[in-house]
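Reader: I would like to learn how to read a central strand and the core around it. Can you take me through one case?

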Amino acid sequence: MYRNILVPVAFDDGHDTQAAFLAARKLASENAKFTVFHVMEAIPAYVTAQIPAEVMARSHDDAQKALTEMAAGLPGASAVMAAGHAGRAIVDHAAAHDIDCIVIASHKPGLENLLLGSTADRVVRHAKCAVHVIR
């Protein structure tokens with residue numbers, strides 16, 4: 001049983017977040033700590049230069065609100081949002097916060113994953129803790 005579980009989430013229909021939450025609960029020890037984690041991918045500067053600052057701030061606030069609402073589906077979970085490359089940010093957060101298990105939902109792989117690798121693939125290969133992938 002795990003005591004500090006990280007559950008990365010994406011805001012799309014291709015990942016089964018509820019299945020990841022269910023697996024996290026089943027893998028948790030009594031009094032386990034859950035972190036629901038979302039990574040906002042970096043937007044290139046040439047794009048952000050064309051977007052008004054208030055739109056960018058509203059987008060960030062909307063994402064934080066959605067993440068907080070999503071985290072409510074895992075009782076006692078805290079919601080954490082980061083910026084950067086998803087796979088790297090998940091692995092770095094896990095290492096920095098003594099995470100002993102990552103439960104990540106994976107989408108059905110496509111052709112692009114043969115060349116670049118998915119976020120779940122990167123997490124499985126680089127995390128220093130247990131990783132459970134939900135399909």
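Predicted model: local features only at pLDDT ≥ 70, side-chain atom pairs only at ≥ 80, totals over all residues.

Reader: Which way do the side chains of strand 4 point?

Author: Start with the general idea. In a regular strand, side chains alternate between the two faces of the sheet. Here, Cys101, Val103 and Ala105 point one way, and Ile102 and Ile104 point the other way. Both sets are buried.

Reader: Which strands pair with strand 4, and in what sense?

Author: Strand 1, residues 2-8, pairs with strand 4 in the parallel sense over 2 bridges. There, Ile5 stands opposite Cys101. Strand 5, residues 130-134, also runs parallel to strand 4, joined by 5 bridges. Ala105 has Ile134 as its bridge partner in strand 5.

Reader: Which residues touch the most other members of the largest nonpolar core?

Author: Ile5, Val7, Val9, Phe21, Phe34, Val36 and Val103, out of 22 residues in that core. Strand 1, helix 1 (17-27), strand 2 (28-40), helix 3 (53-71) and strand 4 each give two or more residues to this core. Helix 1 supplies the largest share, 5 residues.

Reader: What does Phe21 touch?

Author: Leaving out residues up to four places away in sequence, Phe21 touches Val7, Val9, Val36, Met70, Gly73 and Leu74.

Reader: Which residues does the second core include?

Author: Among its 15 residues are Val39, Ala86, Ala120 and Val123. This second core is separate.

Definitions and conventions:
Residues numbered from 1 in each chain as written. Heavy atoms only, no water. Buried < 20%, exposed > 50% of the residue type's maximum accessible area, 1.4 Å probe, protein only. Helix = DSSP H or I, 4+ residues; strand = E, 2+ residues; numbered from the N terminus. Pairing = 2+ DSSP bridges. Core = buried A, V, L, I, M, F, W, Y, C linked by side-chain atoms within 4.5 Å. Contact = heavy atoms within 4.5 Å.
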